[in-house]
Amino acid sequence: MNIASYDMLERSMKDTPADSLIRLIYVSEINTTESSVFEHIQSHSEVFNKKNNIVGFLCNNTENFLQCLEGTKAAVISLMQRIFKDCLLYTSDAADDSLRV
């Protein structure tokens, strides 16, 4: 599924309850080569994700990020709203995998 905006992501998950556990995997293009950006993302994401009970992983090469996020729909969607606003990334593909428990 290609999701190009926060609104599209929100619409695609409208029937999933906010407290459902979800897994979201996405690929985004990197719009910078500054190494300090990667350190910034790592340090801020670790703090934010821990506070919001989000787990997952982040991989990158020189052109893309691949990220997997797991948490409640409310927490993950809130984080994705922040990510979509980030001008350093362009989210190109996302797949959600609901883990309803």
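Q: What does it take for two strands to pair here?
A: Two strands pair if DSSP finds at least two bridges between them. Helices (H or I, at least four residues) and strands (E, at least two) are DSSP runs, numbered from the N terminus. The number of bridges needed is therefore at least two.

Q: What kind of model is this, and how are its residues numbered?
A: This is a predicted model, where local features need pLDDT of at least 70, side-chain atom pairs count only at pLDDT 80 or more, and totals for chains, interfaces and linings use all residues. Side-chain values use heavy atoms, leaving out hydrogens and water, and residues are numbered from 1 along each chain as its sequence is written.

Q: Which residue in E3 is the bridge partner of Val27?
A: Start with strand E1 (residues 21-30), which runs antiparallel to strand E3 (residues 64-72) and is joined to it by nine bridges. Within E3, the partner of Val27 is Leu66.

Q: Which residue in E3 is the bridge partner of Gly56?
A: Strand E2 (residues 55-60) is also antiparallel to E3, with six bridges joining them. These two strands form a hairpin with three residues between them. In E3, Gly56 has as its bridge partner Leu69.

Q: Is Ile54 buried or exposed?
A: Look for Ile54 in the loop between helix H2 (35-51) and E2. Buried means under 20% relative accessible area, exposed over 50%, and partly exposed in between (1.4 Å probe, protein chains only). With a relative accessible area of 6%, Ile54 is therefore buried.

Q: How far apart in space are Ile54 and Gly71, C-alpha to C-alpha?
A: Contact means heavy atoms within 4.5 Å. Leaving aside neighbours within four places in sequence, Ile54 has contacts including Phe48, Leu69, Val76 and Leu79. Ile54 and Gly71 are 17 residues apart in sequence, and their C-alpha distance is 4.7 Å.

Q: What percentage of the residues in the chain is buried?
A: Among contacts between residues at least 6 apart in sequence, 75% join residues at least 24 apart. Of the 101 residues in the chain, the buried share is 33%.

Q: At what distance from the ring centre of Phe48 does Arg82 lie?
A: A charge sits over a ring if NZ of Lys or CZ of Arg is within 6 Å of the ring centre and within 35 degrees of the ring normal. Arg82 lies over the face of Phe48, and its distance from the ring centre is 4.2 Å.
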